[in-house]
Structure formats: structure tokens, C-alpha cells
Amino acid sequence: MEKIIVKETKELKGEVDISSAKNSVLPIIAGCILCPEKIVLKNVKMLEDVQVITSLLRELNSEVEYSEITNDLVINSYNINPLEETNELVRKMRASFLIMGPMLARFGRCKISLPGGCNIGSRPIELHLKGFKALGANIKQGHGYIEATAKKLIGNRIYLDFPSVGATENIIMASVLAKGTTIIENAADEPEIWDLINFLNKMGADIYGGGARKIIIKGVQNLHGITHQPIYDRIEAGTFMVAAAITNSMIKINDVNEEHLMPIIEKLKECGVVVTEEENGIIVDGRYDKSTADIKTLPHPGFPTDMQPQMMALLSTIKGTSLITETVFENRFMHVPELLRMGANIKIDGRTAVIEGCTKLTGCDVNSTDLRAGAALILAGLVAEGETRVGEIHHIDRGYKNIEEKFRKLGVNIERVTI
Ligand code: EPZ
């Protein structure tokens, strides 16, 4: 079993490069199913989740090649088969469910195992299905499978009760080749949504914004091959911004823009962190006195739920009382018991955590319960007395490529060991 061992760090120094966004790359790879020509995706890191979805496309007879040297991922779905007898790979990763929309659009049918829940929530899919049905698909469920069929998808107006990222992405991809126009109301507005839209429009789709949380998709006949570089990972960037804040350090984060990071920058500024924009990135200066802050996670442009555990680690070290309310997922406080083991003082009251910041955490054995919780435990380990040994790090590898190498380059005494 692998663990990440991180020792108390006095200060971070230097700069860090950010990979392409996992939550952009995954829907974009699913979107390649729509196109019968070669697509080149640049600067893609072969994360665990990317490995799963590309393996699924290979199993469906897509041509998929990846270069560890150039980080180019080349996909040609000219010969792809419809997804009819799903497999363990879909169950392994929820995001595989994003295959349903493009499969329905390309073949008029798709049979896939129902995605499971995960540690942070039940992760329902009724909004995805509401969209497919509105476009004219017939949905059957049973024996752990879900099957969608449609002679022809017809554009329609779809209102999302919640601006679900995945449902917005699945419905956009299902609408791209439909007859007529689809309007999604109360759509998700995350940067990754607009990266997917830009990618699809480059292929020949016709998608544009229609005002607040409204996305309009005009169906087209054909799509063509392209080259696309997904946006950088704002959550990875945010994770390193918190690393600078929690260790009272100043670091540079390369090739990121402030726009996507605005909610994270604003909250860190409240805590006393100074963020300045440079030509090719941002300088994060966490060397000043820190203040408490209250956080409520919300769909973009609200504070991102994927940064909630990392901020909890930081607020656990800032003297005074901070509140974190998690409104997006119903069970995203699994990192709290692990932080308590390190000496944090946190009480949970329903969807709100009350954090009494303490001066010193202490290192010990902890376990990652989900991707971002694992990152939060590493951040806490940077300032905990002694050594922190993080287990269950397969969660972390799903969204961060070689996270320990990036921290090591910043001066952290951190290593991955097999026990
Ligand atoms: C995406 O998940 C991200 N994953 C998540 O990142 C992220 O936390 C989440 O969006 C919110 O920003 C990928 O993009 C691969 P949702 P997704 O549908 O699409 C409810 C990470 O750490 N909901 O916006 O599954 C749902 O229960 C991961 O990188 C319904 O009720 O998120 C949840 O409470 C974790 N019905 C809320 O919406 C539905 O049909 C947000 O879910 C769909 C969702």
C-alpha cells in the first residue's frame, strides 16, 4: 500500500506549474465520441481518471494514443462501437457517465451501468435523464443498468433544478447533433463548461451563451477533427495557493489567469493573503498575519466545493472561529475526523462546520477519503509538528499527477512510500 509522508515545512519557495484541468479533460474526452475524425488534446496528464475513460474508449474500439513525452492525447473515434454492454470501468468512475450524451447523439442508443455514489454524496443522475427525455430519448432502468434510445434527438428547452456540472455537459453533448435548437436554463457556469463548449465549437458545433445560466445549442450535421489544449486546473492551482497561505510563504503559480480563480483569490484575500497578477501567472504571498473567514460553497462563480477541504485545513490553523457551509454535496466533511486526529478543533452541525483555529497541528497517520480531502491532509501535514503519513492516496492520484513531486520542488520534505 502506498502512503505519502510529509514532514513539517518551514517555508515554500519557488514556482509551480499547473496541469490541465481533470474536470475539463474528462468531458472533452467523452466529447471525442461525437466526432469521426482525429482529435489531438495537448498538455494532458495521464491521471487515474483519464486512464479509466481512455481505456473505456479503447474498449469501444476508438483509437487512443498517449505520449508521456509530449503529453499529447490523440483520439480517433471513427470506428467506435455503441456502448451496449457496459463494464466495470464505468462503475469505477462516475465521470464515465458523461459518455451517455455523446453516445446517444452519435448512435441513438447507449446502455451503461448506473454510476455509483461516492464518499461525498449519492450523486444522483435524474437531471441528466430529464435532459435526455426532453430531447426525445426513451429511458429504461433495471438490473443496475440504464438504457437510452432515440430514433432522432430533437432540440428542446430544459430547465435544470440545480446547475449540475455533469448534467449540463451531458445534455450539451447530446444536443450537438440533434435536430433543431436546445436551450438549457439554470445551466452550470463553471470554466470547465465553457472549455467543453469551446472544444465542441472548434469541432463545428454551434453553442453559445444566452444570458444568466442559459446555454443555447443549435444542432449541426457534422463535426471535424481538431487540436485543443484544455484549460489549466483551477483546483490544483487553488490547492497550491492554500499551500503558500498555510506555510506563510510566497510562491509563483505559472500560466494561470485570475478570472477562473476569482472566488478562491477573494476568499484567500479575506484571510490576509496577497495575490498579484504577473505576465505569465500569479504571485501568492502568504507571509502576512492571517484572519478567519466564513465560506459557503456554491456553484460557480460561488466558492468551489472542490476547494472546501483545502480551506478547512488552512482555517484550522488560523486563530479564531471560522464557518464552512457545504451546500453542493451532502457528505463532504469526511476529512474532518482526519483533521481532528491532527489536533484540529472542528464541530459539524448539519452542513456547517465550525472551526476553532488552533496554533499547532500535530502529525500522525491519516487517510484520504476522497480526492480533495487527501490534498487537504497533505496541506495540514505541511505545518503539523513532526511527520504526517497519508494513506488511501489512490484518491489523490485521481486528480493530481505526482503531487509529491510538485511539493518537493517547492522545498517540501515529502515522499511516496510503499508500505
Ligand atoms: C463535477 O461533478 C465535478 N466532477 C466535481 O469534482 C465537482 O465537485 C462538481 O462537478 C461540482 O462542481 C467532474 O467534473 C468530473 P454536479 P458532478 O452534477 O458533475 C446534485 C473533484 O473533486 N445532482 O454539479 O457530478 C448532486 O447530487 C470532483 O474533482 C443532482 O441532484 O457534480 C450534487 O449534490 C468531486 N441530480 C450537486 O448536484 C443530478 O442529476 C452537484 O453535482 C446531478 C447532480
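Student: Let's start with Arg234. Why is Arg234 called buried?

Tutor: Buried means under 20% relative accessible area, exposed means over 50%, and partly exposed is in between, with a 1.4 Å probe and protein chains only. Arg234 has a relative accessible area of 8%, so it counts as buried. Before we go on, some ground rules: this is a predicted model, where local features need pLDDT of at least 70 and side-chain atom pairs count only at pLDDT 80 or more, while totals for chains, interfaces and linings use all residues. Residues are numbered from 1 along each chain as its sequence is written, and side-chain values use heavy atoms, with hydrogens and water left out.

Student: Which helix holds Arg234, and what makes its link to Glu192 a polar contact?

Tutor: Arg234 lies in helix α8, residues 234-246. Helices here are DSSP runs of H or I with at least four residues, strands are runs of E with at least two, and both are numbered from the N terminus. As for the link, a polar contact is a pair of N or O atoms within 3.5 Å; within protein, one must be able to donate a hydrogen and the other to accept it, and residues adjacent in sequence count only if both atoms are side-chain atoms. The side chains of Arg234 and Glu192 are joined at 2.7 Å.

Student: What else does Arg234 touch?

Tutor: Contact means heavy atoms within 4.5 Å. Not counting residues up to four places away in sequence, Arg234 touches Glu190, Pro191, Glu192, His260, Leu261, Ile264, His300 and Pro304.

Student: Now Cys118. How do you know that Cys118 is partly exposed?

Tutor: Its relative accessibility is 36%, so Cys118 falls in the partly exposed class. Cys118 sits in the loop between β6 (109-113) and α5. UniProt, in an unreviewed entry, places the feature "active site" at Cys118. UniProt positions are given in the numbering used here, feature names are shortened, and annotations may be inferred rather than shown by experiment.

Student: And which residues of α5 are buried?

Tutor: In α5 (residues 126-134), they are Leu127, His128, Leu129, Gly131 and Phe132. These pack against α4 (100-107), β7 (138-142), β8 (145-149), β9 (157-159) and α6 (165-175). After α5 comes Gly136, with a positive phi near 105°.

Student: What makes β6 and β8 a pair?

Tutor: Two strands pair if DSSP finds at least two bridges between them. β6 and β8 have five, in the antiparallel sense. The open three-strand sheet has the order β6-β8-β7, with antiparallel pairing. β6 and β7 are its edge strands, each pairing on one side only. The twist averages 10° from one strand to the next; axes are lines fitted to C-alpha atoms, for helices over the stretch in contact, and angles run from 0 to 180 degrees between N-to-C directions.

Student: Last one: what makes a set of residues a nonpolar core?

Tutor: The set must be buried Ala, Val, Leu, Ile, Met, Phe, Trp, Tyr and Cys residues joined through side-chain atoms within 4.5 Å. The largest has 75 residues, and those with the most contacts inside it are Val176, Phe199 and Leu200. Helix α7 (residues 191-203) gives the most to this core, with six residues. Another core, of 69 residues, lies apart from it and includes Ile264 and Cys271.
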